[in-house]
Amino acid sequence: SDAVVLLLRGGLLREFDFRVLLLDLDTGKSRLLAVPDTLTGITDFSLTSDLRHALLTGHVQGETGQHPYLLDPETGTPIALEETLGASLDRVVFLDSGTLLLTGGGETCSAWVWDLSSGAVEQTVNSLSRYDSAGGRGVLDLGGRYALEIDSNGQAAVLDWKTGTRSAPIQ
């Protein structure tokens with residue numbers, strides 16, 4: 001059956017409340033998903049199609065800065081992704097219900113793929129230069145599974161974040 005996630009926000013400053021409601025469109029039944037009260041300032045929330053995992057961006061009460069978390073919506077148990085990987089992250093997305101793609105790395109570009117069923121994390125791309133418009137080379141993230149990698153000769157190839165492989169140069 002089809003379902004939608006409703007993000008409910010309300011209140012003032014210290015009394016601000018955030019809830020995630022899953023609404024079954026066929027039956028009209030709803031259920032509240034578990035989100036820890038310690039996470040506040042939630043700006044992004046996405047859920048896998050099997051409803052087993054959620055991604056959210058927020059911060060822990062008393063801390064500053066937004067950070068990505070993987071969440072079990074049944075138990076409300078959050079995993080701090082940057083802390084777990086030991087790297088700053090630019091982007092975290094579900095590639096499918098069982099695979100998480102994480103990209104970041106600070107001054108350079110790196111990528112990791114997290115198999116949610118086994119818990120295995122594999123680094124697929126390690127410390128590539130970010131695109132520099134002045135130099136005309138580096139990795140340009142396209143916002144999905146793929147990026148463009150432009151070499152010092154201006155040749156571009158498609159970089160697959162998930163596998164770490166590159167296409168032949170684009171003609």
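User: Which helix does E82 lie in?

Analyst: E82 lies in helix α1, residues 81-85, where helices (H or I, at least four residues) and strands (E, at least two) are DSSP runs, numbered from the N terminus. This is a predicted model, in which local features need pLDDT of at least 70 and side-chain atom pairs count only at pLDDT 80 or more, while totals for chains, interfaces and linings use all residues. Residues are numbered from 1 along each chain as its sequence is written, and side-chain values use heavy atoms, with hydrogens and water left out.

User: Is E82 buried or exposed?

Analyst: E82 is buried, on a scale where buried means under 20% relative accessible area, exposed over 50% and partly exposed in between (1.4 Å probe, protein chains only).

User: What does E82 touch, leaving aside its neighbours within four places in sequence?

Analyst: With those neighbours set aside, E82 is in contact (heavy atoms within 4.5 Å) with H67, P68, A87, S88 and L89.

User: Back to R130: which side chain does it meet in a salt bridge?

Analyst: R130 meets the side chain of D90, at 2.6 Å from N to O. R130 is in the loop between β11 and β12 (138-141) and D90 is in strand β8, so this pair ties together parts that are 40 residues apart in sequence. R130 itself counts as partly exposed, at 31% relative accessibility.

User: How many salt bridges does that rule give?

Analyst: The count comes to four salt bridges. Another of them joins the side chains of D141 and R91, at 3.1 Å from N to O. Since D141 lies in strand β12 and R91 in strand β8, that pair ties together parts that are 50 residues apart in sequence. Here D141 is partly exposed at 35% relative accessibility, whereas R91 is buried at 15%.

User: And which side chain meets E149?

Analyst: E149 meets R166, at 2.4 Å from N to O. E149 lies in strand β13 (residues 146-150) and R166 in the segment after β14 (156-160), so the pair ties together parts that are 17 residues apart in sequence. R166 is partly exposed, with a relative accessible area of 45%.

User: Switching to the core: which residues have the most contacts inside the largest one?

Analyst: Those residues are V35, F45 and L56, in a nonpolar core of 13 residues, a nonpolar core being a set of buried Ala, Val, Leu, Ile, Met, Phe, Trp, Tyr and Cys residues joined through side-chain atoms within 4.5 Å. At least two residues of this core come from each of β2 (17-24), β4 (39-47), β5 (54-60) and β6 (67-71), and the largest share, four residues, comes from β4. Apart from this core lies another, of 12 residues, among them L81, F94, L102 and W114.

User: What's around V35, beyond four places in sequence?

Analyst: V35 is in contact with F18, V20, I42, F45, L56 and L71, once its neighbours within four places are left aside.

User: And the sheets? What order do the strands take in the one with β4?

Analyst: The order is β4-β5-β6-β7, an open sheet of four strands with antiparallel pairing, where two strands pair if DSSP finds at least two bridges between them. Its edge strands are β4 and β7 (78-80), each pairing on one side only. The twist averages 30 degrees from one strand to the next, with axes as lines fitted to C-alpha atoms, for helices over the stretch in contact, and angles running from 0 to 180 degrees between N-to-C directions. β6 and β7 pair over three bridges, and L71 has P78 in β7 as its bridge partner.

User: Over how many bridges do β10 and β11 pair?

Analyst: Strand β10 (residues 108-115) and strand β11 (residues 121-129) pair in the antiparallel sense over six bridges. V113 stands opposite E122, and W112 stands opposite Q123. Their hairpin has five residues between the strands, and G119 takes a positive phi near 85 degrees there.

Terms used. Lys and Arg count as positive and Asp and Glu as negative; His and the chain ends are not counted.
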